[in-house]
Amino acid sequence: MDTLSYKTISATAATADKKWVVVDATDQVLGRLSAKVAKILRGKYKPCYTPHVDCGDNVIIINADKVVLTGDKWDGREYLSYTGYPGGQRVATPRILMLKSENKHIKAGKHPLFIKVVKGMLPKNRLGRQLINNLYVYNGPEHPHAAQNPTVIDINKLK
């Protein structure tokens with residue numbers, strides 16, 4: 001038996017097969033949707049998954065304004081941020097972050113609520129900061145990434 005033929009193949013940035021995926025957030029629960037999106041961004045649904053390489057797909061989320069939160073989480077949940085200055089702790093609820101997404105000064109595709117939630121589910125290192133740039137979130141059904149030929153997937157079929 002030739003044991004040299006059983007080599008573990010590790011993906012690199014050059015061999016990673018990155019695709020574009022569209023996910024519809026209509027009537028989806030925010031946390032469950034974000035957990036599956038984080039796994040897609042990380043590449044955990046692929047057979048060539050490598051923990052230290054960006055081998056995940058680029059994800060486009062449409063209809064983000066139709067996402068659902070259960071219970072009193074729209075106003076009861078609080079996200080903390082700190083400006084770095086004394087007395088600079090800021091508190092934001094999901095409702096405030098959702099209203100910020102309609103602001104014209106926010107860069108297109110960078111939805112504050114989804115960025116905050118998905119970023120918390122990614123690694124807290126350079127790889128996680130690189131992976132969050134592969135996420136694009138839009139409030140309406142249109143997106144400007146038609147040139148990449150994204151495939152539409154049903155997020156409910158994924159485990």
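Tutor: What follows starts with the sheet and then moves to the side-chain pairs.

This is a predicted model, in which local features need pLDDT of at least 70 and side-chain atom pairs count only at pLDDT 80 or more, while totals for chains, interfaces and linings use all residues. Residues are numbered from 1 along each chain as its sequence is written, and side-chain values use heavy atoms, with hydrogens and water left out.

The sheet is open and has four strands in the order β5-β2-β1-β6, with parallel pairing. Helices (H or I, at least four residues) and strands (E, at least two) are DSSP runs numbered from the N terminus, and two strands pair if DSSP finds at least two bridges between them. The edges are taken by β5 (135–137) and β6 (151–152), each with a single partner strand, so one side of each has no neighbour in the sheet.

Strand β1 (residues 20–24) runs parallel to β2 and is joined to β2 by five bridges. Across this pairing, V23 is opposite I61 of β2, and D24 is opposite I62 of β2.

In β2, five of the five residues are buried, so the strand is largely enclosed by the rest of the structure. Buried means under 20% relative accessible area, exposed over 50%, and partly exposed in between (1.4 Å probe, protein chains only). In a regular strand, side chains alternate between the two faces of the sheet. Both faces of β2 are covered, with N58, I60 and I62 buried on one side and V59 and I61 buried on the other.

Helix α1 lies across β1, β2 and β5, at about 155 degrees to β2. Contact here means heavy atoms within 4.5 Å; axes are lines fitted to C-alpha atoms, for helices over the stretch in contact, and angles run from 0 to 180 degrees between N-to-C directions.

K46 and D57 are both buried. A salt bridge is a side-chain nitrogen of Lys or Arg within 4 Å of a carboxyl oxygen of Asp or Glu.

The whole structure has four salt bridges. Among them is K19 with D17, whose closest N and O atoms are 3.7 Å apart. K19 is partly exposed at 48% relative accessibility, and D17 is partly exposed at 42%.

One aromatic pair is present in the structure. The ring centres of W20 and Y136 are 5.6 Å apart and their planes are at 20 degrees, so the pair is stacked. The pair joins distant parts of the chain, W20 being in strand β1 and Y136 in strand β5, 116 residues apart. Rings of Phe, Tyr and Trp (its six-membered ring) pair if their centres lie within 6.5 Å; planes under 30 degrees apart count as stacked, over 60 as edge-to-face and the rest as tilted. W20 is buried, with 17% relative accessible area.

K110 lies over the face of Y136, 5.0 Å from the ring centre. For this, NZ of Lys or CZ of Arg must be within 6 Å of the ring centre and within 35 degrees of the ring normal.
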